[in-house]
Structures are given as C-alpha cells and as structure tokens.
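Please look over the sequence and the 3D model below. A short report follows.

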Amino acid sequence: MSLRQFIASRKLLRSLNMLKENVELKWKEVAELFGLHEDVFENPRHIRLKKPVTVILIGAGHRGNIYAAYALENPDELKIISVADSNAKRLSRIKSLHHMEDKFCFSNWQDVFKQPKFADAVIIATPDNLHTQPCIAALDAGYDVLLEKPIAPTEEECRLILKKAESCDQIVGICHVLRYSPYFRELKEVIDAGLIGNIISIQHMEPIEQVHMSHSYVRGKWKNSKETTPILLAKSSHDTDIIRWLVNSSAKDVHCFGNLKWFTNANAPEGSTERCTDGCKVEKSCPYSALQIYLRDKKRLYVFDMPEKKSEWDDHILEQLKTTDYGRCVYRMDNDQPDHLTVNMLFENGVTAAFSMEAHVSYEGRRTRIMGSKGDIFGNMETFIMNDFQTKKQTSWKMKTDAHGGGDHRLIKDWVQAVAQQDKSLLSSSIEVSIESHLMAFAAEKSRLNRTIEEVKVFHDQQV
Ligand SMILES: NC(=O)c1ccc[n+]([C@@H]2O[C@H](COP(=O)([O-])OP(=O)(O)OC[C@H]3O[C@@H](n4cnc5c(N)ncnc54)[C@H](O)[C@@H]3O)[C@@H](O)[C@H]2O)c1
C-alpha cells in the first residue's frame, strides 16, 4: 500500500468512526444509554377516572376550541357541559359540537356565576384583559380553574389571583403549555439527571417568524401593549417560565433592551395604502401583504370564523380584509410591541441567562444553548447535541417536535387529573409556580421602559 493509499484509508476510517459517533439517536436510545425515563410524560400517579370532569368553557375562541377538542377526543376524562362567549357564532358552534342544553349557554361570563355551582371546574380562555374578574368569580363560586396565560395584565392582578387561589386552596392551572412539549421535557430530564453537571448559564432564543409577528403583534390581538399585555407577557412569559424551570432557582435581577424598529409609519413604502385592498402599489412585493397571507395562501384563517362552505371563503376573507385590522398595512397600525428584545437574567443560584425574542426571522422554533460544568447542550426544537467535556463524547438525538399541539393536550390531561384527584401537585404549571415567569416579565418590561436593572421580588409583603 502506498503512503497516499494508507493516508486515504485512515481518513476514510476516521470519517466512518465519526459517522458512527454522530449517529442521531432517538430519545428511547438516549434514555437507555443514560438510565433516564423512556417516556417523559408517563405519570404513574394518573388514575382511570370513574367519571369525566365537568367543565364550563369561558371564551370559545382559538384557545378555547383547542381545549374543547380534548374533551371530544377523551370523553371519559373531560366533558364541556357549558359555554360562555359573547360571539354568537362561536357560542352556537361549541353548543352543537358538545350537545349542550340552551340553559347552559351564556353570552357573557358574568351570567355563568349567577347560577349555583353546576360543574367541577372552569376553563378561562377570554382575552388577556378579561382573566382576573372571571377567575376570581370562579374561585369565589368554588370552581377549580384552568386559566390561559398571561395570568393577568398587571402584577397586582396576578398577585391578587394567586392570593385568592392560596386562600381557598382550589386548583388554578396556568396554560404554560411549553412545559408539556417533548423538547423542553427531554431537556429538563437531561439537566435534572446531571448529565452536563451544574448549569452555569443559558442562551435562549425565541424566533417568532416575521409573518407570525405581523399577524399577532402588529395587526392582531396583541398589537398594542396597553390594550392587552406587553409582548414580554403575551409571548415571552413562556420562555421566562421555561428558563426558570430549567435553572431551578428564582430569578434575582433582570435587565432588558428592546424596541419597535421596523413596523412603524416611518417605514411605510412609497405607494403603500391604509389597507392592502386599497390598490397598494407595492402589495405584490411586500412580505406582509394581507392579500397574499390570508387570501392567496389561506394562512392563519382561524381569526376569521370561516364559513362552512369553502366556496364562500374568498368573499368572506376579502370582507375581513376590508373591515378588520388584518387587512391594514403593517406600517400604518397603532401597534407598539417591540419587534426585538433581549433580556439578561441573574438567578439566586448564580446562573445567568440571556434571552432574545426576534421577529425578523424566517423560521420558528426555540433555540437553546445550555452551558454546564461537565458539558453543554444545543437544542433547536428538532435535535439536541450534548457534549461531554471529559470523554469528548457527543450524543445527538432527534425528536418528534410537536411544538404546542401535543403540549396543549398534555397540559389539560394533567389538569383534569389534578381536578379529579383534588391534588395540585399533579400539575407542572400551577399558579404557584407559574407566577414567577410573570414577575420576571413585568420586571423586564419595567427595565426596558426605564433603562434600569430590576429586582424580581418573588415574595413580597405588599398586601393586595
Ligand atoms: N397558552 C398559549 O400558548 C396561548 C397562545 C395563544 C393565546 N393565549 C391566550 O389565550 C387567551 C385567549 O386567546 P385566543 O387567541 O383564544 O383569543 P380569541 O379572541 O380567539 O378568544 C377569546 C374569546 O373570548 C370571547 N369573549 C370576549 N369577551 C367575552 C365575555 N365578556 N364573555 C365571554 N366571552 C368573551 C371572545 O368572543 C372570543 O371568542 C388570551 O389570554 C391569550 O393571550 C395563550
């Protein structure tokens, strides 16, 4: 064998070896390798229910329908027996899907609580600024609650709900559904097993994706922080919650920079009009054309209460674009949510975390880097790569990502069990643990507005 052939064969061998080491495993194989739980969602404390938990759905919009779908798929666990929504179409849709009697259908949440208690629990999926009153009323009436996040638009209201929940000892679950996604469950399992030693620091990114940003936070329901909640609450409280959960320590100080840089009047292109339907000269070349997103691509139509017949869709969408905010030019809105921000966090245990929320990206799916004393991990919602500093071994695994989808239903499964067994410890996201993410977000927003470093006061003696 010539020297050249010898070197070539060594190279080949080395690359084969590398390939072998770089084989992407499945979670089951990683779990076997390190002695971890094969099924990160299995809970031996779950029991077969003798009868389904009965629920009143308050708010039958996008989120309410997701939770109601769980009841249809799992009638032995959950039964939606009543609904309240001010939108007649949504009310009647849920009523017929769940075969409800007229007397259990209400056109506003207040009417629910004029009746004596008639169900086990209440799901509250109304807009952000309509969480506190129905939640307090539900607790006063003796119901357990599943409350959409954000808990409430202000710190005072969040603390009020917490105080109420603690004083009456009822279950209040918060819909921090990411705790129920395979991505974060597996990450948590690996960290808690000590595979990368002690966590030293975290970098976490939440790419919103530009069209999603325009849909929800420029044109959509959360476009104005004063009318709803700051984006740090509305979107990123999922991330402050996850980071706090992984670090396993309370946040001490936070600092935030961020602003609205692009979706402003100053950036409206020449020839653009108030609405995309007004004969805008740049509509065809605009990445935010409402005609393209909603009418031609038929994306994100869940906000339009679409007619049953597909033949009526185009007319209905056009009408919506002419009359609602979804047809308005993204540069001519009354929006104020930042389209980029960074938050630095210092935790009680000395861990630091850097979080960034980005709107100007073509992709979704959180990116997470965890730096530990014995190794590090990089995850992108689809794959994980874990390096061991001492052995130099790299383990990588691919996961079945289901982002929210699976998380939504796994959360409600745990909540149903918690209600049925009257045991809040069955919930990963009860208000008692979820509130910290909100306090972090409020402090970060304060820091962003005031250019300060803010202390996160998890417990304070201020009476509310
Ligand atoms: N957990 C998550 O990941 C997640 C994701 C998106 C939204 N959310 C939160 O879920 C909540 C609901 O959001 P959505 O997107 O479903 O909104 P939505 O607008 O689709 O639904 C809200 C519903 O509440 C109804 N409503 C309004 N006023 C009412 C009243 N007085 N009485 C009864 N019903 C009333 C509306 O008619 C609407 O159908 C919000 O707080 C939102 O921030 C959470």
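Which residue takes a positive phi in the hairpin of β13 and β14? Met381 does, with a phi near 80°. That hairpin has three residues between its strands.

## About the model

This is a predicted model: local features need pLDDT of at least 70, side-chain atom pairs count only at pLDDT 80 or more, and totals for chains, interfaces and linings use all residues. Residues are numbered from 1 along each chain as its sequence is written.

Helices (H or I, at least four residues) and strands (E, at least two) are DSSP runs, numbered from the N terminus. Two strands pair if DSSP finds at least two bridges between them. Strand β13 covers residues 375-379. Five bridges join β13 to β14 (residues 383-388), and the two run antiparallel. Phe378 has Ile385 in β14 as its bridge partner.

β13 also pairs with β12 (residues 367-372), again antiparallel, over four bridges. Here Ile377 of β13 stands opposite Ile370. β12 and β13 form a hairpin with two residues between them.

In a regular strand the side chains alternate between the two faces of the sheet. In β13, Gly375, Ile377 and Gly379 make up the covered face. Asp376 and Phe378 make up the uncovered one.

## The whole chain

The chain has 15 helices and 16 strands. Its C-alpha trace spans about 85 × 60 × 50 Å along the principal axes. With 464 residues, a compact globule would have a radius of gyration near 23 Å, so the 24 Å of the chain agrees. That radius is taken over C-alpha atoms, and the globule rule is 2.2 Å times the number of residues to the power 0.38.

## Domains

The chain is assigned domain 1 (53-177), domain 2 (178-264 + 336-402 + 427-455) and domain 3 (265-327). These bounds come from an automatic or database domain assignment. The centres of domain 2 and domain 3, taken over C-alpha atoms, are 32 Å apart. Seven residues of domain 2 are in contact with nine of domain 3 (C-beta atoms, placed from the backbone, within 7 Å).

## Around the ligand

How many residues surround the ligand? There are 25, and the closest are Gly59, Gly61, His62, Arg63 and Glu148. A residue counts as near if its C-beta atom, placed from the backbone, lies within 6 Å. Helix α3 (residues 62-73) gives the most to this shell, with three residues.

Note on methods:
Two residues are in contact if their C-beta atoms, placed from the backbone, lie within 7 Å. A residue is buried if 20 or more other C-beta atoms lie within 10 Å of its own, exposed if 12 or fewer, and partly exposed in between; C-beta atoms are placed from the backbone.
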